[in-house]
Amino acid sequence: MPEDKHKHSIDPSRWVGEHGDYLFSYAISRISKREIAEDMVQETLLAAFQARDKFRGGSSERTWLVSILKRKVIDHYRKESRNPESLTDNFTVPFYKGGAKDGTWIKEHAPSSWDEEIAGDADGALMKVLQYCISLLAPRMAATFSMKTLDEISTEEICKELGISESNLWVLLHRARLQLRECVENKWFKEL
Amino acid sequence: MNEKAKILMNNAMHRLMLSCDTATFYITKKEYQKLSCKENFQLKMHLMGCKFCRAFNEQNAILSDKIHTLQQNPPPAELSPEKKAEIEEVLGK
């Protein structure tokens with residue numbers, strides 16, 4: 001069959017070698033759990049293999065594979081957030097509740113100042129701490145945060161996929177940011 | 001100022017003043033969408049007087065920047081050789 005030179009071609013035998021690690025780095029930065037991320041790459045490549053006739057060559061092979069993986073990641077989030085365990089959340093809101101100090105920072109949870117040089121993160125160590133802290137977020141919070149922040153999915157779609165209300169989404173994002181900030185500060189600026 | 005005016009004044013101020021809880025909520029929100037003029041004004045007022053929320057604001061921006069990098073260039077990670085072999089085998093069938 002003559003190949004159309006202007007279109008991207010497809011070659012499943014090269015997938016693992018050329019895209020395997022990239023797809024895995026995409027998955028692990030969103031899923032945090034190594035085994036699940038690996039299985040997800042496998043499922044993606046299998047699904048792509050079965051659908052290879054549908055590849056039209058309008059985009060590169062990698063873009064096409066990532067789009068399949070992205071769908072798998074969202075499906076995973078949806079399943080996770082339906083799990084009752086995903087509601088387990090040991091996060092302490094860092095503000096006083098009620099009383100004269102209602103809504104103000106509890107001293108031991110309030111932000112300290114960060115060393116500017118470290119915050120510059122020339123060697124990427126802060127990135128590792130951040131990834132570790134993201135992995136500690138409760139599943140539903142992680143799903144909401146990741147979909148909104150890393151994948152820039154619309155609020156409506158996230159609410160639909162995860163079965164949450166819009167105000168719930170904002171509460172989860174707020175808490176995720178509070179937790180990430182405090183976790184990074186504790187792991188990085190205080191423990192090192 | 002009479003008592004009634006004082007109470008009205010206090011109520012008005014109270015409605016404008018944000019708690020740290022709400023201020024950090026607005027800081028989170030503005031990472032994703034524009035705040036309304038009122039929200040923006042209230043946040044600015046709060047930040048002027050609150051060093052903790054100013055720190056939160058700065059640190060949150062640093063984290064957003066890192067997250068952006070994470071999105072654009074996820075740090076290289078490698079599939080285990082076992083998994084690669086497994087996938088190759090399944091694909092080869």
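## Two domains in chain A

How far apart do the C-alpha centres of domain 1 of chain A and domain 2 of chain A lie? In this predicted model, those two centres are separated by 28 Å, where domain 1 of chain A covers residues 12-76 and domain 2 of chain A covers residues 86-190.

The contact between the two draws five residues from domain 1 of chain A and eight residues from domain 2 of chain A. On the side of domain 1 of chain A that touches domain 2 of chain A, helix 1 (12-31) and helix 3 (61-82) of chain A each give at least two residues. Sorted by class, that side of domain 1 of chain A holds one nonpolar, two polar and two charged residues.

## Helix 1 of chain A

Helix 1 of chain A bends by about 55° at His19(A). Between its end C-alpha atoms this helix spans only 25 Å, whereas a straight helix of 20 residues would span 28 Å at 1.5 Å a residue.

Just after helix 1 of chain A, Ser32(A) adopts a positive phi of about 70°. Lys33(A) sits in the loop between helix 1 and helix 2 of chain A, and Lys33(A) counts as partly exposed because 13 other C-beta atoms lie within 10 Å, a number between the limit for exposed residues, 12 or fewer, and that for buried ones, 20 or more. Computed along the sequence, Lys33(A) and Glu157(A) are 124 residues apart, and their C-alpha atoms are 24 Å apart in space.

## Contact between chains A and B

The contact between the chains takes 41 residues from chain A and 35 residues from chain B. On the side of chain B that touches chain A, the elements giving two or more residues are helix 2 (20-29), helix 4 (51-72) and helix 5 (81-92) of chain B. Helix 4 of chain B provides the largest share of that side, with twelve residues. By class, the side of chain B that touches chain A is made up of 18 nonpolar, nine polar and eight charged residues.

Definitions and conventions
Residues are numbered from 1 along each chain as its sequence is written. Chains are lettered from A and ligands numbered from 1 in the order in which they are written. This is a predicted model: local features need pLDDT of at least 70, side-chain atom pairs count only at pLDDT 80 or more; totals for chains, interfaces and linings use all residues. Two residues are in contact if their C-beta atoms, placed from the backbone, lie within 7 Å. Helices (H or I, at least four residues) and strands (E, at least two) are DSSP runs, numbered from the N terminus. Ala, Val, Leu, Ile, Met, Phe, Trp, Tyr, Cys and Pro count as nonpolar, Asp, Glu, Lys and Arg as charged, and the others, Gly among them, as polar. Domain bounds come from an automatic or database domain assignment. The expected span of a helix is 1.5 Å times one less than its number of residues. The bend at a residue is the angle between axes fitted to the seven residues ending there and the seven starting there.
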